[in-house]
Structure formats: C-alpha cells, structure tokens
There are 2 protein chains.
Amino acid sequence: MTSYPKFVEFHEEGPREGFQIEKQSFPPAERAALIEALADSGLSQVQVGSFVSPRAVPTMSDTEELFRLIKKKPGTRYSVLWLNRKGFERALRVPEADIYPALMCYASDAFSRKNNNCSAEEMRDRNAEWIDLYAENGYAPSTAYIMTAFGCNYQGEVPISAVTDLVKWFKDLCADRNVEVPAICLADTVGWANPDQIRRRIDAVREIVPDARMALHLHDTRGLGAANFHAALEMGVDLFDSSVAGLGGCPFAGHGDGKAAGNVCTEDMVFMCHELGIETGIDLDKLIDAARMAEEIIGRPLAGRIMHSGGLDKYRQKSATE
Amino acid sequence: MTSYPKFVEFHEEGPREGFQIEKQSFPPAERAALIEALADSGLSQVQVGSFVSPRAVPTMSDTEELFRLIKKKPGTRYSVLWLNRKGFERALRVPEADIYPALMCYASDAFSRKNNNCSAEEMRDRNAEWIDLYAENGYAPSTAYIMTAFGCNYQGEVPISAVTDLVKWFKDLCADRNVEVPAICLADTVGWANPDQIRRRIDAVREIVPDARMALHLHDTRGLGAANFHAALEMGVDLFDSSVAGLGGCPFAGHGDGKAAGNVCTEDMVFMCHELGIETGIDLDKLIDAARMAEEIIGRPLAGRIMHSGGLDKYRQKSATE
C-alpha cells in the first residue's frame, strides 16, 4: 500500500484561511510581505484572500488592495476564494488575481446552511451555473471541493454515500458539459477525519472517477492532521491545501472558543515529505522563515512545530563534518 | 500491514516531563490534583516526578512531598523517574511510589554526555548494575529505553545499527541474568522520527527480540508525532509514553528557544485510538478535563488540540437524536 507520490504540491491557504478568522484586520503591507515570502519559498499557489461579503468576513474586504501591493513572482499562482457569481466577477476585475476556478459543495446540509445560507442541494446545483460561467470566461474548473466530507459539527456523522453521491453528480455534470473531471478535493472542514476514513473515502471516490486527481484539505482540529496527511500520501495523493504556521480555522465551524486548531501546517508537512524522500519544490528554511513572519504579524505563538524547533539540516551538516 | 492492536496502553508523563521543563516550580497541591484527575480518567500509569539531582532539575525536587499529597486510585501505577542508584534508593524510601524499574541507554554518545554526563557506553554498562540492583530488591526490569533512537541534535544522524546493537546487548544481558527481555521502548527524544523510520526500526528490533513488547516514546517536535504514532499502531505497537495537553520536552535537548513542542499529546492520541476502534480504557472527556486543568496550572495555551476543540460525542449524539 505504501506508494508515495514522487512530488507533492501544496496550495498555501494561510493568507486567506488564516487571517480571515482573526478578530482584527492586519495591514495589507504586512500580508503582502508574507505572501511574497511564501511565494519565494517555492510554493506553486498562494491564496491571497477572498471576494466574499465584507459584512460576513470584514478581514478580507481589502483583498483588491492587497493584490495591488504584492510583487508577484513568475510561476506562482496567486489565487482568491469566491463563493458566488458576484465574487467571481470581482476576481475577474482584478488583473493581479490568477483565476483558479473551483467548484464547491457540501456533504452536510446543516453546514451548507450555516456557511452559505442555502441547502446543500441548492449549493450543489449552483455548480452547474458556475461551470457555465467559467466556460463563458474561457475557464475550465480546476478543483471540485466537497466540504465537510468527513463529518460535521452541526449534522454529526457524514455517511460515505453523501460524498460519493456528490462525486457522481460532478462526474455527470462534467460529462454533460464535456469538460474533464477536475481534481476532487475532500475537505475535512471541521476536523473529523481519521486515517482509516481518509483511505476509505479516497478509495470510494477513485472507484467513481479513477482518472481524476485527488486532493485533500485537512485541519488539525483534533490532532490527527499529520496522521491523515501521511495516510493520504500512502494513497498517492499529491495535492494538499495547507496553511503556513498552522494558521486557519473556519469562523463558522462552531467550535466555540475560537482556539480550535487550523489547517495542517504547511512547513511541518513539507518537512514530512522531504524526510520521506518526496519532493515538493519548496525551500524548507525559507518557508520556516515565512512561518516566523506570520507569527510576528499575528503577534501570538502559532501552532506550527518546526518553526519553533528548526529543521534537521544544521544537525546533519554537523554530523557530516565532524 | 494494517493490524492495529485491540488495546493500547498509555503511560502518562506530563506531570514529570511536562513540569520539569518549566522555569518556575508549580505548587505540589495543584500538581497532585492534576495527577488525581489523570488517574481518574483511567490511565494505567502516571509518572509523578523524578528523583534526580535537585540542582539539575529543581522543579522536581519536591517529588517526595508531591507523592504524599496524592490520593491514590487503586489499580493506577504512580511511577517516578531515576537515572542512577541514588535516585532508585530514594524511590524505595517513598512508600507511595510504585516501582517501575526501567533500564536506560542512549543511541547517541553526544546526547548521553550532555544529558547524563557520561559516555553512551558507560551508560549502557550501568544497566548491568541496575539489573542486579533491581533483582536485589525483588524487581525485574519492566522497560528498556533506547533514547535518541531516531536522531540527535548533537550528533546528527543515528544509524539503525546503533539501535540494534543496544537491543542485542540488552538481549544478552537479560539472558545472562536469566530475566525476561523487558519491553523495548524506542524514544524519539528530540523529534527526528518519521513514519518510515518508525516502521524500519520496529522491524529491526523485532528481528532480534521477537517476543519482547515494543513501546514508543514520541515527541511532536517537528509536527510528525501523530503520523509516527499511527505508523506504530499499524505495526501493532500497544504501549506509548505521552503527555497530557502535549506538555513536555527535554530541558537538555538543545532546541534553544524553549518553545519546541513536547511529547505526543495523550488525549489527542487516545482520541485517534478510539476513532480507529482501538480501546484504551480511558474516559476521553475526563482526560480532556485534566488537560484543561494542566493548561490552567501552567497558565498559557498548551499544544493539545482536542482540549481546545472538544471531542465528537456531543455532535454524534445530536445527529442520533435528530
């Protein structure tokens, strides 16, 4: 079963998912510097912010300004999140934003209603409009997200059929529109996944769309993030969302005290990949520096581990030269 | 390869390993209350403190007093750490201390010199005296620890042969003394392990002593703790040291800023076991309460995850009753 991918791609979500959950807004200049440091480490994609309701998520209302401040590095994709047509159209008007057109649905109806103010079915059906909207603008969908794919704090258990039904629906939708099935990203939005569940659900999705790329969006809410990540690596998954310094957490997840952990930590997972002989194209030391910058901006100790302990290269060099 | 054990035993080290690293001493009454809460959650063993040099580790100098304060729960073992004959003899004089006689050696010579002020070879050879000392007092060794079994911040890489040589040495020592080979505990003292290494080293140890129980002492120094724990579960390992709330970290590990993460977090790993259908005999909610108590005593946010997000039972009950 151990068949690691040769190369793993990380989509950095910290600047969006990490900063949106904070009570205060942080200066765009500081966030731009962080995004530049992240891109400089070799990350292929950095999510800059979101074009969503400024009332719901005031910390992201300055995303246009932020985009204008970033000195872009060639070859890096600077993506942005939207949740409806209006948001997508805002993105189209920002020349600095790289359009990475996602589809998005919920395996939990209760979560869809809390997070998006509509039923999961309605949210699912909107993807048909989105795929057309993307096509009108010359884009094919890159990723189909299935959120709360492992469990939900409002609904409780999410059966595997809730996930596979959505994958079948996406498959039919893509066949109907004559577009390739995009990457299927299972999102453990509120931290219910365990390694066995990761394997079973990846297997189940692959049975339906064997040629689609698999991706995971993991949270470390209950401390299993690294184990889930590793279980997915062993299934050959080679695309992960993650957050520098372990930033993140959904403001509508319903965890109460706001201290619940965020996404799996990019630099810790990059370290894991490198230790297992998997390439990432990322300079770990530069990424650790970016994590420390994030901690300085936020102004409190963040959840990342290796940013506090440091990598192993310096110790290995010591043993090699002695 | 997936062959989880049916039952996993946790040896709680937080009250010792967690509190020894702190700059200040905490009142014995508060630590006694924490130890009682930990025992009440169903943990089979709680390490109360250490009988080591009060100059080297002043925070543990009141361990005798602490023992006298604890209301002991029948069936729980209240253990204590010692690193030499004097420490063991101190333990024998404390009637409340349960004697859990460990052997102890280092796979890294440099670490042995920093941590124990003697060469790894000298430390290893002392175990022959220890085993005799234990026998004189009516005890057989319960666990043989191999510290820095995965790497060392002073020496760098630790080859697998450094571990297997020690296991062979313990095997011969036990044969010579006509005692059973104790549990072999590989300690990732400074957080170098990765899941592949965990598997290879467990395999290598089992080749030498196939009947010995395997145990692991893991740290989450670089964020791989949960992945390493899970890899060991899949190898059937059923005994782990861990720390409530993720407390811990060795004061002589050489990580510099003192913010490096501690042991794998007991309640997060108990949660993982339960989610995978593995029994632990532990009441997770009570253990989470104990973790929160530890955070209150220490007075700053601790590394544990589920203590901040809460378990899943309340959400599952919701879905079951709706």
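The model is predicted: local features need pLDDT of at least 70, side-chain atom pairs count only at pLDDT 80 or more, and totals for chains, interfaces and linings use all residues. Residues are numbered from 1 along each chain as its sequence is written, and chains are lettered from A, with ligands numbered from 1, in the order in which they are written.

Chain A holds an open sheet of eight strands in the order β3-β2-β1-β8-β7-β6-β5-β4, with parallel pairing. Helices (H or I, at least four residues) and strands (E, at least two) are DSSP runs, numbered from the N terminus, and two strands pair if DSSP finds at least two bridges between them. Because β3 (77-82) and β4 (102-106) of chain A each have a single partner strand, they stand at the edges, and one side of each is left without a neighbour in the sheet. From one strand to the next, the twist averages 25°.

| Helix | Strands touched | Angle |
|---|---|---|
| α4(A), residues 85-92 | β2(A), β3(A) | about 155° with β3(A) |
| α7(A), residues 160-177 | β4(A), β5(A), β6(A) | about 155° with β5(A) |

The contact between the chains takes 43 residues from chain A and 42 residues from chain B. On the side of chain B that touches chain A, α9(B) gives the most, with five residues.

How values were computed: Axes fitted to C-alpha atoms, helices over the stretch in contact; angles between N-to-C directions. Contact = placed C-beta atoms within 7 Å.
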